[in-house]
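Biologist: Before we look at any detail, could you show me how to read the lining of a pocket and the buried side of a helix?

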Amino acid sequence: MKVIEIAFCCYAVTDMPRARKFYEEVLCLKPTSVYGDNWVEYEFGPYALSIGCSPEFKPSPDGCAAALEVEDFDAALAHLKQHNTKFRMEATTTPVCRMAMVFDPDGNTICIHKRNAK
């Protein structure tokens with residue numbers, strides 16, 4: 001087997017309208033595919049982040065966390081705080097990036113990320 005790319009990652013949500021409001025208004029993602037009331041995809045570049053609402057999906061703060069690369073890290077943090085977003089981890093700096101972790105309305109962890117200039 002040879003993996004060539006990540007097709008998408010998905011967050012489990014329990015209330016699709018509430019989740020869409022967060023992902024679209026707070027994270028500023030634009031839906032590119034909507035499948036009924038239980039699946040929405042947000043594509044950017046060759047990647048897609050999805051949210052799915054189903055009894056089989058269980059939200060968790062400890063599952064896989066997508067890292068969303070932002071253009072301006074400080075502006076992104078200010079925007080999130082302006083929208084009263086709950087932080088799991090405040091901004092931190094590593095040798096390769098700056099990042100912070102936030103919760104979506106279902107308690108899933110999302111990483112806000114900015115690579116350091118090379």
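Modeller: For a lining sorted by class, Ala, Val, Leu, Ile, Met, Phe, Trp, Tyr, Cys and Pro count as nonpolar, Asp, Glu, Lys and Arg as charged, and the others, Gly among them, as polar. In this predicted model, the lining of the largest pocket has 21 nonpolar, three polar and three charged residues.

Biologist: What volume does the largest pocket have, and which residues are the closest to its centre?

Modeller: The volume of the largest pocket is about 670 Å³, and of the 27 residues that line it, F44, A67, L68, E69 and V70 are the closest to its centre. At least two lining residues come from each of β4, β5, α2 and β8, with α2 giving the largest share, four residues.

Biologist: Turning to a helix, which residues of α1 are buried, and why do they line one face?

Modeller: An α-helix has 3.6 residues a turn, so residues three or four places apart point the same way. In α1, which covers residues 16-26, the buried residues are M16, A19, F22, Y23 and V26; seen down the helix axis they fall within an arc of 150°, and therefore they line one face of α1. Among the elements that cover these buried residues are β1, β3, β4, α2, β7 and β8, whereas the face of α1 turned away from the buried side carries the exposed residues P17 and K21.

Biologist: Which residue caps the N-terminal end of α1?

Modeller: The cap is D15, with a side-chain oxygen 3.0 Å from the backbone nitrogen of R18, and just after α1, C28 takes a positive phi of about 60°.

Note on methods. Residues numbered from 1 in each chain as written. Predicted model: local features only at pLDDT ≥ 70, side-chain atom pairs only at ≥ 80, totals over all residues. Heavy atoms only, no water. 1 Å grid on protein atoms, 1.4 Å probe; cavity = no way out; pocket = protein on both sides within 12 Å on 5 of 7 lines; lining within 4 Å. Points joined across faces, edges and corners; volume = space filled by probe spheres on them. Buried < 20%, exposed > 50% of the residue type's maximum accessible area, 1.4 Å probe, protein only. Arc of directions from axis to C-beta. Contact = heavy atoms within 4.5 Å. Polar contact = N/O pair within 3.5 Å; in protein donor to acceptor, adjacent residues only side chain to side chain.
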